[in-house]
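Here is a short note for someone opening this structure for the first time. The points are numbered so that each can be checked separately.

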Amino acid sequence: MLTSKNNLFSRLDTTCGSLLYELQLIWDEVGVSDDERERILLEIEQECSEVFRKKVDHANRSRAQLRQAIADTEAELATICSAMGERPVHIRQSDQSSESLKAELRAILPQTEEMRKRRTERKNQFIEVLENIQNIKNEINRSDGFNLSDSAIDEADLSMKKLEELHRELQGLQKEKSERLKLVQDGLNSLYSLCVVLGFDSKKMASEIHPSLGENDGSKSISNSTIDQLGTVIRKQRELKLQRMQMLQDLAASLLELWNLMDTPTEEQHIFQKATCKLAASEDEITEPDMLSLGYINYVKAEVSRLEDLKASKMKELVLRKKAELEVICRKTRLIPDTDRVEISIDAIESGAIDAAYVLEQIELQIARVKEEALSRKEILEKVEKWKSACEEESWLEEYNRDNNRYNAGRGTHLTLKRAEKARALVNKLPAMADTLASKIIAWQNENGIKFKYDGVFLLSMLEEYKVLRQEKELERKRQRDQKKLQGQLLAGQETLYGSKSSPMKNKNSSQHAGRHAGESPSSEYPPSSS
């Protein structure tokens with residue numbers, strides 16, 4: 001290369017020398033003076049210097065531009081690598097490089113273009129992630145929209161670390177979006193269930209919150225305001241459901257009460273069974289369509305009003321019916337109803353001095369008290385019935401023992417003997433039955449703080465009287481047995497003393513008497529056991 005440069009300068013000197021020589025010949029032929037020749041040569045020298053200076057200046061500028069281009073390219077490459085978090089792929093060391101500036105620039109440019117391409121791809125990844133993040137944020141914050149611009153991206157940091165952070169943020173927002181969608185869908189399901197029961201249009205109500213909520217397809221609004229409004233609407237509808245549920249249950253209770261008072265046929269009751277079966281239902285158990293709609297509640301309310309009007313016209317009849325019911329219950333439970341007070345109340349109803357509903361309520365309360373007391377009296381009453389049955393058997397047995405012809409053969413005699421045997425076994429248990437019944441009565445009286453009455457009589461006093469009467473009967477039977485024994489001893493003594501002979505008639509009577517008492521114990525009046 002050095003030889004080529006020397007040849008170039010040598011060729012330039014040769015050309016200039018030939019031209020000067022040709023000019024010298026011309027000047028000689030023309031006769032130009034030496035001063036003129038000096039002046040012209042000086043001009044030629046100046047003009048050549050100016051041309052050379054221009055060329056040198058141009059070369060200098062080109063060299064500076066190349067160096068600046070190399071520096072700018074290297075700086076851009078370093079900036080891209082720094083932004084992408086990578087080490088620089090080229091570092092120029094001019095003092096150690098033997099290549100020309102153009103060669104060096106040609107070597108850097110492909111690397112720079114590759115890094116620019118990679119930066120563009122990385123930037124597009126950032127734009128995609130940031131757009132997704134911003135879209136989800138817009139859905140959550142209910143923004144009107146957002147156009148991601150280049151200024152929204154920090155091009156000084158396009159590293160994978162930053163991209164991974166954005167991906168994690170996007171995943172968190174996607175999870176929050178999924179949770180919000182589930183929350184909205186659950187809310188819509190609750191709203192639908194409430195509207196079905198209350199008789200409202202769920203789609204219309206959802207569309208009033210946000211148009212997207214009333215559509216079957218498409219994305220749903222998950223903004224904070226939408227979720228808050230949806231929760232508010234659900235809360236209001238639930239409060240309305242509770243209010244209407246209480247209304248319906250109150251009406252159902254009134255229906256049952258009126259049906260009970262009016263003895264309404266089962267066929268008529270069946271029409272409103274849907275309402276009465278929910279009398280004690282909880283909120284979650286009421287799910288039937290239109291169950292709490294205003295139309296159905298007004299329908300039930302109209303029936304209650306109709307029965308109320310009918311009740312008012314038949315109040316006296318209802319009072320008399322309840323009075324009869326009270327008397328029946330009292331008879332079954334052996335209690336004495338306060339019928340005199342009821343009669344006075346009926347007279348007061350007819351004269352308008354007292355409200356029939358109040359009288360009916362008082363009778364209902366008395367019926368409830370009697371029913372409650374009947375439950376506690378049930379065991380004692382059952383034992384009283386058994387005791388009275390045993391007492392009746394005892395009375396029959398006494399009548400039976402007084403019958404002198406009870407052993408005469410006849411139709412049904414064996415059945416009578418079997419009954420007498422069973423009666424004797426039952427009568428033997430009477431003292432224990434009376435004692436057990438008395439202990440039960442005392443325990444009941446201690447628990448309830450009142451005396452136990454049976455048909456208006458103190459039952460404990462009845463038992464005491466029975467015990468006294470039984471003791472008197474035992475004493476009388478013992479006296480009779482002792483008297484018979486004494487009479488027998490006197491008769492035997494007389495026969496031994498006088499030795500008298502019996503007549504045929506007397507022997508016959510004695511034979512009958514002996515046959516009658518052949519199976520009896522001297523100290524018992526009860527018949528012998530029959531096998």
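1. Glu-398 and Lys-473 form a salt bridge, with 3.1 Å between the closest N and O atoms. This pair links distant parts of the chain: Glu-398 belongs to helix H12 (residues 356-402) and Lys-473 to helix H15 (residues 459-498), and the two are 75 residues apart. Glu-398 counts as buried because its relative accessibility is 18%, and buried means under 20%. Lys-473 has a relative accessibility of 26% and counts as partly exposed. Please keep in mind, here and below, that this is a predicted model.

2. Another salt bridge sits at Arg-39 and Glu-43, where the closest N and O atoms are 2.7 Å apart. Both residues are in helix H2 (residues 34-83); they are 4 residues apart, so about one helical turn separates them. Arg-39 is partly exposed, at 38% relative accessible area, and Glu-43 is also partly exposed, at 34%.

3. Lys-182 and Asp-186 repeat this spacing in helix H4, being 4 residues apart, or about one turn of the helix. Their side chains meet in a salt bridge with an N to O distance of 3.0 Å. Lys-182 counts as exposed because its relative accessibility is 54%, and exposed means over 50%. Asp-186, at 35% relative accessibility, counts as partly exposed. For the structure as a whole, the search finds 25 salt bridges.

4. Which residues does Arg-180 touch, leaving aside those up to four places away in sequence? They are Ile-140, Ile-222, Ser-223, Asn-224 and Ile-227. Arg-180 is itself part of helix H4. With a relative accessibility of 12%, Arg-180 counts as buried.

5. The largest nonpolar core has 26 residues, and the members that touch the most others in it are Val-184, Leu-191 and Leu-230. Two or more residues come from each of helix H3 (101-141), helix H4 (160-198), helix H5 (202-209) and helix H6 (224-262). H4 gives the most to this core, with 9 residues. For Leu-230, the contacts are Val-184, Gly-187, Leu-188, Leu-191 and Ile-209, when residues up to four places away in sequence are not counted. There is also a second, separate core of 22 residues, which includes Leu-381, Cys-391, Val-427 and Trp-444.

6. Leu-20 lies in helix H1 (residues 2-30). At 41% relative accessibility, Leu-20 counts as partly exposed.

7. How many disulfides does a search of the whole structure find? The search finds 0. Cys-48 is in no disulfide, and the nearest cysteine sulfur, belonging to Cys-16, is 6.0 Å away. A pair would need its sulfur atoms within 2.5 Å to count as a disulfide. Cys-48 is partly exposed, with a relative accessibility of 35%, whereas Cys-277 is exposed, at 52%.

8. The protein chain has 16 helices and 2 strands. Of its 531 residues, 28% count as buried. Taking contacts between residues at least 6 apart in sequence, 75% join residues at least 24 apart. The chain exposes about 35,300 Å², and carbon and sulfur atoms supply 52% of that area.

How values were computed:
Residues are numbered from 1 along each chain as its sequence is written. This is a predicted model: local features need pLDDT of at least 70, side-chain atom pairs count only at pLDDT 80 or more; totals for chains, interfaces and linings use all residues. Side-chain values use heavy atoms; hydrogens and water are left out. Buried means under 20% relative accessible area, exposed over 50%, partly exposed in between (1.4 Å probe, protein chains only). A nonpolar core is a set of buried Ala, Val, Leu, Ile, Met, Phe, Trp, Tyr and Cys residues joined through side-chain atoms within 4.5 Å. Contact means heavy atoms within 4.5 Å. A salt bridge is a side-chain nitrogen of Lys or Arg within 4 Å of a carboxyl oxygen of Asp or Glu. Accessible areas come from the Shrake-Rupley method with a 1.4 Å probe; for residues, only the protein chains shown count as cover.
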